Amino acid sequence: MKPNSGTLVINIMNGGKAEAYEGVYQCTARNERGAAISNNIVIRPSRSPLWTKERLEPNHVREGDSLVLHCRPPVGLPPPIIFWMDNAFQRLPQSERVSQGLNGDLYFSNVQPEDTREDYICYARFNHTQTIQQKQPISVKVFSMDSLNDTIAANLSDTDIYGAKPVTERQPVLLTPTGSTSTKVELRGNVLLLECIAAGLPTPVIRWIKEGGELPANRTFFENFKKTLKIIDVSEADSGNYKCIARNILGSAHHVISVTVKAAPYWITAPRNLVLSPGEDGTLICRANGNPKPDISWLANGVPIAIAPEDPSRKVDGDTIIFSHVQERSSAVYQCNASNEYGYLLANAFVNVLAEPPRILTTANKLYQVIADSPALLDCAYFGSPKPEIEWFKGVKGSILRGNEYIFHDNGTLEIPVAQKDSTGTYTCVARNELGKIQNEVHLEVKDPTMIIKQPEYKVIQRYGQVSFECIIKHDSTLLPTVIWLKDNDALPDDERFLVGKDNLTIMNVTDKDDGTYTCIVNTTLDSVSASAVLTVVARPNPPFDLELTGQLERSVELSWIPGDENNSPITNFVIEYEDGLHEPGVWHYQTEVPGTQTTVQLKLSPYVNYSFRVIAVNEIGRSQPSEPSEQYLTKSANPDENPSNVQGIGSEPDNLVITWESLKGFQSNGPGLQYKVSWRQKDVDDEWTSVIVANVSKYIVSGTPTFVPYEIKVQALNDLGYAPEPSEVIGHSGEDLPMVAPGNVQVHVINSTLAKVHWDPVPLKTVRGHLQGYKVYYWKVQSLSRRSRRHVEKKILTFKGNKTFGMLPGLEPYSSYKLNVRVVNGKGEGPASPDKVFKTPEGVPSSPSFLKITNPTLDSLTLEWGSPTHPNGVLISYILKFQPINNTHELGPLVEIRIPANESSLILKNLNYSTRYKFYFNAQTSVGSGSQITEEAVTIMDEGKMAGILRPAVGAGTGYSETLFATSPVTHTVRPTFYKVQPLYPRIRNVTTAAAETYANISWEYEGPDHANFYVEYGVAGSKEDWKKEIVNGSRSFFVLKGLTPGTAYKVRVGAEGLSGFRSSEDVFETGPAMASRQVDIATQGWFIGLMCAVALLILILLIVCFIRRNKGGKYPVKEKEDAHADPEIQPMKEDDGTFGEYSDAEDHKPLKKGSRTPSDRTVKKEDSDDSLVDYGEGVNGQFNEDGSFIGQYSGKKEKEPAEGNESSEAPSPVNAMNSFV
């Protein structure tokens, strides 16, 4: 025996014989509580005996007889497996005629000549010993009737009657089992095998039935060509009579097998272990069944209970032991034995008399997690004697759980059939018996179910496209889901085209193999959900194939084909194309098309065409590739069916007729040798047809024809087989020539100043000499009657189609002189012109004045200048001026009208209100009426010396403005109209601009309004709520420099004025430049820089000395004289700390320079130019500021130098100024 085990090991590998251990074994396990025994174990050695020697005689059998070759294998343990083979170890073929029986014999229902052989060998294979035993070969020789008759004939004379009976057919006879009935006993649960093998010719067919019942379904099988009936797992219900019927065409035979199913004992109720506490009652039940019925016997601790130690607490009652008021000494192991002649059963049952307080075996504080709306099972495995009672509570102070919403299992488990979110909590299991009580807590968490809130949808995608399936999920926040995608319930292909995202699956470059069902599976530790969608990949259909031509006739053929794969998109139609290999090889033409359900079509054909056909399938996605071409079919030649089309006769010269037509296509010729018969004759003349046959061309020229004569023309096709049908006639004309005469009696009727109507008489048609296309009217302007000035003559042409005799001439200029003539037109060209006809247009209204300019505004007057209209269109008689004031709310005052003589070009309006805006309307007038007007606005000023408004330039009528002044004397008109009193316009500050550097910024603006305004600049950090900082601007300057700013900071700024009326500009935002990083190398410490600065300082010192000497020799600068003569009160020195401009001062001594030049580049100073414009301080508006805020342009004026006046010095500027400019 193995250590610490009840296993018994018998080893005969090292010697010994298996026969020595043959016998029945039983295992007994024993301790202080009792003894248990095992079933009997039978050990028998395997045997594979040799075949007994025997003499086997050859078997001589007549053809058609039955034959049985006996195997009779030796008896082995376990029985051997039998099979028949030949000398080459090839299994002998078996059939309904030849088969092996259950006993191993080989049965021949009837022998045939091919059964003759000498190596029928029976083999027995003993699997347990892994050996094969071989029987001696058996010889079989089959004699046929023909060979037997030949033998008999050789031994008899011709006069003897001889001949064996031919092979005769026989009705079936059973070879096994013999007789008409037999019996069979089988044990319950085993496999029942019934066999019937019959002889007969033809070979009989076997059929099985059960008398008085049906063969059991699902357990019945037929083997060995239905010669064996197999029923598995038989039971007592399978007992009965089974009939096998062998039948051929001559009759039948049958055999009845009476089957009895016996049964070894089997359990109905096996005894079970019993745990009792002292003083309790109990029973052991041992119930078994079998056929015959088994006997029940009891043992106690392996000893028959009759001789076992007596126990007053037990009583044996057949298959039951009854225990009453047991004590601890009643503990024992009882065995129940149920046996009959076919076997026995043995079962051990432990009766344990035990006194134990309750114990709970389930782990304390175990956590259970379930999904809402699913069942929850809370375990409470327990042990105790007596058996404890189990109670469940929820929560710390909860009441006992009862009711239909809970299920209490015998093993202590609490089941909540439908757990909800409120089922979450702590549950307490309490186990108690008379010896004690114990409890255990478990915890339940109910989670939200996992859901797919957006499922993948059915998709149809074209091949090589891209498709995406969505799978958006919602899950409990405490659960970690995993998403798996499947294709056709299998893993996705290992292909980089499949991209799995967080919420989707994308397939790139879709192919046909991607077609299928895609499933999104979401798994958590508690649940799993899935959703599927089908992907259908569509594409253009595959080309049709197997084209076949049938029913070939002269003018028709039937074409059939097999459609290709439609690639998941139904074929809507088929397109049939043809190729003419005779006339246009390689070119495919459309023939017809048919619905997608049709695979044959009858095609119409033309003669003399070598046809090939191909088919193209079409679906919603597109067209397939063309099919392979069909076989060629050449139709027979025939006369042409049609004549050329589009026959025309048009002359290219006055004496010819060009006949043209559209040639027939190649397949329209219907045969070889295509030509054309061209015929013509003059119309309305009794002439015969003139005909000519030409080759396959499309034009023929007839020469020597009269000019423009009608001809009848026809063109007929012909080939080598004959002519086409008679063609229809068309009318053509010979060539045209230029018309001979001009239209006469030309008359002009002037309708108004811009429109006239012209009349003429038609020319005779004979003089047209061609197709009359119409008349052309040439007309041109000779001169304008108002200016009497000639200009380049530009002729205009109007064409009037057909045989019209009048026309309208639009777009004429008023008050002008015109000429015109008329010509007739045919297909060749124009005829001669009629004599020129002169006509004049009356006056019209003039165009607007060329410009209106308003100048010299004063307190109460404005000067108006204008130009005459570009197109007066007549004689001007006057100008009309209208004007009205406009108040500050843009409301118009009363309108005043003035008529001005036509010879005036300017006007001074007086007695106007000061500081008032006026709107003017101005137009010219002829005797016909007033022309279009031109408008302008202007403002009177407040101070005669200053102009407060900005005057607009004069605007011309469509040509921009003009500065041209006419040399006419101004005429002053005094006008005293009545006006409503309006307030003067408010001043304004606009166009505030900034130019920012790192720590400073220049602020400039434009001001419109009264002089002597006091400006100030307010600024602050953009976005800050701090108060604005205010800087006062000295004087009326329009710029200011803000200093001490922080680099890289955004500032807001606005400009205001104090005085007459306080106001401010709109805000502007600017940003200072970033702080510049200091260089690692200080240039001031470099030797070369120090040397350079010393040289520059020495040079400046020398220049100062030279200039000082020359200044003492010379007189005053002419510029200084002009400055003194035209002193401007605003040109004053300024201090550096207030940022205003005056004489440039050095930063060292802060003393104003007496000789600093303030003159402009033209060395003149004008009073009206001292209004602080930035332009006046440099070259245009592009002046720049130095880092310290000084304006470079002030001292870098134009470099041209004008000659000095008189004998005054023209020396260079002051050396101080020179240095200032350098700095």
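**Figure 1. The buried pair Asp115 and Arg97.** Asp115 and Arg97 are both buried, where buried means under 20% relative accessible area, exposed over 50%, and partly exposed in between (1.4 Å probe, protein chains only). The two residues form a salt bridge, with the closest N and O atoms 2.6 Å apart; a salt bridge is a side-chain nitrogen of Lys or Arg within 4 Å of a carboxyl oxygen of Asp or Glu. The pair links distant parts of the chain, 18 residues apart: Asp115 is in the loop between strand 9 (106-108) and strand 10, and Arg97 is in the loop between strand 7 and strand 8 (98-100). Strands (E, at least two residues) and helices (H or I, at least four) are DSSP runs, numbered from the N terminus. The model is predicted: local features need pLDDT of at least 70, side-chain atom pairs count only at pLDDT 80 or more, and totals for chains, interfaces and linings use all residues. Residues are numbered from 1 along each chain as its sequence is written, and side-chain values use heavy atoms, with hydrogens and water left out.

**Figure 2. Further salt bridges.** The structure holds 32 salt bridges. Side chains of opposite charge can pair when their charged atoms come close. Another salt bridge joins Asp514 to Arg497, with 2.8 Å between the closest N and O atoms. Asp514 lies in the loop between strand 47 (504-507) and strand 48 (516-523), and Arg497 in the loop between strand 45 (490-491) and strand 46 (498-500); this pair links distant parts of the chain, 17 residues apart. Asp514 and Arg497 are both buried.

**Figure 3. The disulfide of Cys71 and Cys122.** The sulfur atoms of Cys71 and Cys122 are 1.9 Å apart and form a disulfide, defined as a pair of cysteine sulfur atoms within 2.5 Å. The torsion about the S-S bond is about -70 degrees, so the disulfide of Cys71 and Cys122 is left-handed. Cys71 is in the loop between strand 6 (67-69) and strand 7 (81-85), while Cys122 is in strand 10 (residues 117-126); the pair links distant parts of the chain, 51 residues apart. Both cysteines, Cys71 and Cys122, are buried. By the same cut-off the count comes to five disulfides. With the bonded cysteines of the protein chain numbered in sequence order, the pairing is 1-2, 3-4, 5-6, 7-8, 9-10.

Figure 4. Cys196 lies in the loop between strand 15 (192-195) and strand 16 (197-201) and Cys244 in strand 20 (residues 240-248), so the pair ties together parts that are 48 residues apart in sequence. Cys196 is buried at 0% relative accessible area, and Cys244 is buried at 0% relative accessibility. The disulfide of Cys380 and Cys429 has an S to S distance of 1.7 Å; the link is left-handed, with -65 degrees about the S-S bond. Cys380 is in the loop between strand 33 (376-378) and strand 34 (382-385) and Cys429 in strand 38 (residues 425-433), so the pair ties together parts that are 49 residues apart in sequence.

Figure 5. Asp580 is in strand 52 (residues 571-580). Asp580 is buried yet has no salt bridge; Lys665, the nearest side chain of opposite charge, is 12 Å away (Lys and Arg count as positive and Asp and Glu as negative; His and the chain ends are not counted). The Asp580 side chain reaches the backbone nitrogen of Leu582 at 3.1 Å. Not counting residues up to four places away in sequence, Asp580 touches Pro585, Val587, Val609, Asn610 and Phe667, contact meaning heavy atoms within 4.5 Å.

Technical notes
A polar contact is a pair of N or O atoms within 3.5 Å; within protein, one must be able to donate a hydrogen and the other to accept it, and residues adjacent in sequence count only if both atoms are side-chain atoms.
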